[in-house]
Amino acid sequence: MEEQKPPAARKSRLIVRLGSFLVSHSAFVSVICCVAGCITLLLLPVLAKNTYVSENALMPGSANPMFSNQDVVEANRFVKDIYETGILKDGSGMEIARLIGKHMEDVGAEVYYHKFKYRNLQFHPLCFFSSIPRTAVPQNSSACTLNGVSPVGIIRAPRGDGKESIVLVTPYNSENIKLNEALSLGLAYSVFSLLSRVVWLAKDIVWLAADSRYGEYTSVASWLKDYHNPTFSSDSGKIGIEMCFEKTENHVEEQSSFDGAAYDDFKRAGTMSAALVVKVMDKERSERDRVDIYAEASNGQMPNLDLINIVHYLAVHRQGLHVRVGTFGFLLNSALLKHVGKTLQRLTRLAESLNLGWKLGVNSADFVEGTATLASSMYYQALGVPTGPHGAFRDFQIDAITMELSPRTSLTNDNGISSFLLRSGRLIEGVIRSVNNLLEKFHQSFFLYFLTAPNKFVSVGVYMIAFALLVAPLPIVAAALFSSTANARSLTTISNNKPTNSKPVTRSGSWNWLHSAKLVFLVHLWALIVSLLPYFVSQIPHTNSTTSMLSWSLSSLLILYLLTRLTKSYVEGYQWEVLKSVMIAAASIGLSLMSIINFSTAQVGSILLVPMCLMVRPLKQPIQVPIFPAALLKILNILLAVVAFPPASLAILKGCLRGFESINIGDFWEWSEFLWVWNSATYLFVALVHLPCWYLCVHILLHN
Amino acid sequence: MASMTQRLKPSWRNHPISSHLLIFHLVMASTLLPSLTSAIPSFSSTMHNNNWAVLVCTSRFWFNYRHMANTLSLYRTVKRLGIPDERIILMLADDMACNSRNTYPAQVFNNENHQLNLYGDNVEVDYRGYEVTVENLLRVLTGRHESAVPRSKRLLSDEGSHILLYMTGHGGDEFLKFQDSEELQSHDLADAVKQMKEKHRFKELLIMVDTCQAATLFSQLHSPGVLAIGSSKKGENSYSHHLDSDIGVSVVDRFTFYTLAFFEKLNMYSNASLGSLFHSYNPNLLMSTAFYRMDLYQRPLDEVPVTNFFGSVMKTIHTDSPFRVISSQPKVKESIFLGDDKVKEIDKRNIKVENDAIVALTLKKVFLSFRSFFTYYVLANTIIDTVLSYFCP
């Protein structure tokens, strides 16, 4: 037996030999991989490509816009009507809804009013990824003021098949309407009335004037939910829209002819191809009218890149607007980034001078801007919380974006506003006409990407390299640790107990890891309980974020103490190397799973988690390296253990962004509340992958 | 052979003959006929005596509006130059006129000036929508249809036919895409043309293709009598000519646009040659290089009028009434819109042989009529009696 082994090992397949080579040089491989991963991440802005409209059918800008000055006049008149109604009448909000509905009807649209009950979002641990549980509509007839009422108009495509639609959303606060909201309503109305006259519609147009008094997202999400979950029961408790209007407008004579029942039917218009949320904002002045695009939906989902492409193309090349996507402004002034950019610029110049064929063309300013935009794109994807009402659409697999249009002049400047409305109207018309040309759904372009500029993107094929490089060392190091401890143990046992039989050798060699696995399992169990605790903590009345945070952490510690007490006898006799190996295996599984659910979270998480997992070793354990690297390793270990503690990392991040005096104990509670309310998988990642991993690392650090 | 009919005719006219005598003549004619058919000249020298056009638009969807407009423009042109509707097989993969995105419902234009509606009252589409498949095109070309397919959907060409095959759509290296789901490969096309050649389904075939890398589609052709024009060479794209910003799509391709521009100046009596058509393509305007393959084609292009393919030659048999044709000598009138006298002068013998062929065909027709009389004997008796009484009062 012993003689046959060496030739068998020599004959083993290439992949096995390659694997064992990597495992035997695990330290070197992991350092190389981590460094390469970080460098790739840093280079992503350089690797970004220009966007292009991938779908042939879209043909943005191929038709002349029909939106004219006449439509602008109409929009202005409507804005004046709305604004005056909003200012003069009482704050019930029904007046504006009624006015919008009437105008919708006047252009020949089908109109109804969508009522929704505001529900405070709560943490429901058992239905985390599913939609919010449906509760019965309260049987309160006087509740129409508690409900939001959104007027909805549908234009049927004259020769369309009625199976598809495009949705236009304008959120407005019915209780306290601002001029910018009135402007966005006016803009949408003028586009809507234009679309009611055109002959080229192939998809129905739905205009949802979303009542945003309880938040923009809530009203859009509840409308979408009702759109996709038809109720067929004749709900007796349902309040007719009639009542709401009669209550507030019984003094109006024409009200008697108002047929409320007709406005209660929930009308539909088929599958939604795309949705545009249009908002007029009053932002800081710039040279040109400007449009900000928000695209991130829940859990890092993005709309198809083609939708952003057509908006960008039409805005820049047809209407001369300035397009922006989210950027971290503080990074633009970062000296470190500028320095990196300049170094890169110099390096690429050098490379270009060496080989004239290379056209790298890295510009320092572009790099800094690209990095700031990329960081923002990655952050909002990683957070997993939608950046606007468009997020509600993505939950139903509808491509949607929010366009925040802001004029270059003040909102009261009539000339400036007129030209702004003309451009914006043409932009919206162009986007709708382009989407109208679409067959079926957006499918041609990317769904997984980061934006580094409005017209530059990093596709999944590029950005996953960085993550793969970061995660690759984990299984290698785990295997290396496991095999080295197994070898060491068996060698020592063999040398010590040569005469005895080999039974205990095999047992300790192959099943040794079970002791460590038990501990890892217990810690993960603890993390699971900790992740569920907020549900109970939030049930405690009269608490603020600080007390909630304190009770959460105290109860967590208590449970940890109880768990360790109860299971003390089970989790003994492990080696720290094996424990580290099992912990790394668990972490790599967690990271890989998370990368499927929300790639950005996994990417950001791996930057902290991977170095911590790879470097950790007991502080009291001596290592056979010179004193300086050993000390450095210890310092790094302690630093990482502090930084990677989730509340600590949040506090550091907040301190960097807003100054360290703003840090509060309750911050982490608020942050996690924010995450779970939005059903963000990032919460699960932090609680179920990051936290146990961090605890185990600390455990190893303090190992005797 | 022409004298044979001469001899038959007086015998009927001069003697009051009975129907029995007529049957005798019939038998005589039937014995004579085999010798007559054997005298029909061989295929290669068959005179060009009819024209067909197969016009194919292979792409669906609104953004491919221009392909339908291309095909309809060609349809209009060949109709204007004299090919009748029953000899045009029009295949349109989609219906742009009734697309809900069309700003001009039920109309199709190939120019942004909207002067000419290509989709007027007089358009007969033979294959539409999902009927436009590679299989159906190959069936049309090779004539291998299922029995239920009506005559109007068949290419009933013969050895004297000049066929124009025009195709437009999205193509690539050695293929032309059909309907987003399948493609016609250059081998398929070459195979179909070879089958057509073997089945004597054409005398000359002009294949005109407006697609990217159109030239590659002809690379496998090797049947004689085939002339091929493509809008672009290998590795080149064919571009659309202009965008109609009212309709919001490109309405015509460059190659087709300049082809049409050439034909708009012509009428059915024009003498313009294929050579002049080919030279009219300016690579700078096309943004691609028009390619023509003529190694399989014998005649010099400068001497072939475009109307040989885009127009129509027709043989008209003038008769006063349906029945008089039996007894009276058929007056064969040839109205050939060749327009080019040179062609006739080059080969007078050819024309003579051709005349003989026409006579032989006429005789064959007479015989077939007789045979039908024989079958319906009673009916024939009464009819012949009336005929005879008409001639011999």
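Asn679(A) lies in the loop that runs between α24 (667-677) and α25 (681-701) of chain A, where helices (H or I, at least four residues) and strands (E, at least two) are DSSP runs numbered from the N terminus. The phi of Asn679(A) is near 55°, a positive value in a residue other than glycine. Because its relative accessibility is 22%, Asn679(A) counts as partly exposed; buried means under 20% relative accessible area, exposed over 50%, and partly exposed in between, with a 1.4 Å probe and protein chains only.

This is a predicted model, in which local features need pLDDT of at least 70 and side-chain atom pairs count only at pLDDT 80 or more, while totals for chains, interfaces and linings use all residues. Residues are numbered from 1 along each chain as its sequence is written, chains are lettered from A and ligands numbered from 1 in the order in which they are written, and side-chain values use heavy atoms, with hydrogens and water left out.

## The two chains

Chain A contains 25 helices and eleven strands, and of its 704 residues 51% count as buried. Chain B contains 13 helices and 14 strands, and 51% of its 393 residues count as buried. Contact means heavy atoms within 4.5 Å. Among contacts in chain A between residues at least 6 apart in sequence, 84% join residues at least 24 apart, and for chain B the corresponding share is 74%.

## Helix pairs in chain A

Two helix pairs are set out below. Axes are lines fitted to C-alpha atoms, for helices over the stretch in contact, and angles run from 0 to 180 degrees between N-to-C directions.

| Helix pair | Packing angle | Axis separation |
|---|---|---|
| α3(A) (residues 26-47) and α12(A) (residues 364-383) | about 115° | 9 Å |
| α18(A) (residues 513-537) and α20(A) (residues 576-597) | about 50° | 8 Å |

Angles under 35 degrees count as roughly parallel, over 145 as roughly antiparallel, 65 to 115 as roughly perpendicular and the rest as oblique. With a packing angle of about 115°, α3(A) and α12(A) are therefore roughly perpendicular to each other. Their crossing is right-handed; a crossing is left-handed if the near helix is turned anticlockwise from the far one by less than a right angle, and right-handed if clockwise. On the α3(A) side the contact is made by Leu41(A), Leu42(A), Leu44(A), Pro45(A) and Val46(A), and on the α12(A) side by Phe367(A), Gly370(A), Thr371(A), Leu374(A) and Met378(A). These residues divide into eight nonpolar, two polar and no charged, where Ala, Val, Leu, Ile, Met, Phe, Trp, Tyr, Cys and Pro count as nonpolar, Asp, Glu, Lys and Arg as charged, and the others, Gly among them, as polar.

For the second pair, the angle of about 50° makes α18(A) oblique to α20(A), and α18(A) passes α20(A) in a right-handed crossing. Trp513(A), Ser516(A), Ala517(A), Leu519(A), Val520(A) and His524(A) of α18(A) meet Val578(A), Leu579(A), Val582(A), Met583(A) and Ala586(A) of α20(A), and the residues of this contact divide into nine nonpolar, two polar and no charged.

## Enclosed helices in chain A

The expected span of a helix is 1.5 Å times one less than its number of residues. For the 13 residues of α5(A) (residues 94-106) that gives 18 Å, which agrees with the 18 Å between its end C-alpha atoms. Ten of these 13 residues are buried, so α5(A) is largely enclosed by the rest of the structure; among the buried residues are Glu95(A), Arg98(A) and His103(A). After α5(A) comes Gly108(A), whose phi is positive, near 95°.

Helix α9(A) (residues 305-318) has 14 residues and reaches 19 Å from its first C-alpha to its last, close to the 20 Å expected. Ten of the 14 residues of α9(A) are buried, so this helix is largely enclosed by the rest of the structure, and its buried residues include Asp306(A), Asn309(A) and His312(A).

## Selected residues in chain B

Gln179(B), found in the loop between β6 (175-178) and β7 (182-185) of chain B, has a positive phi of about 60° although it is not a glycine, and Gln179(B) is buried, with a relative accessible area of 8%.

Ser219(B) is found in the loop between β8 (204-210) and β9 (226-230) of chain B and, at 36% relative accessibility, counts as partly exposed. Leaving aside neighbours within four places in sequence, Ser219(B) is in contact with Glu174(B), Ser186(B) and Arg293(B).

Thr259(B), in helix α6 (residues 254-264) of chain B, counts as buried at 0% relative accessibility. With neighbours within four places in sequence again left aside, Thr259(B) is in contact with Met208(B), Leu277(B) and Tyr281(B).
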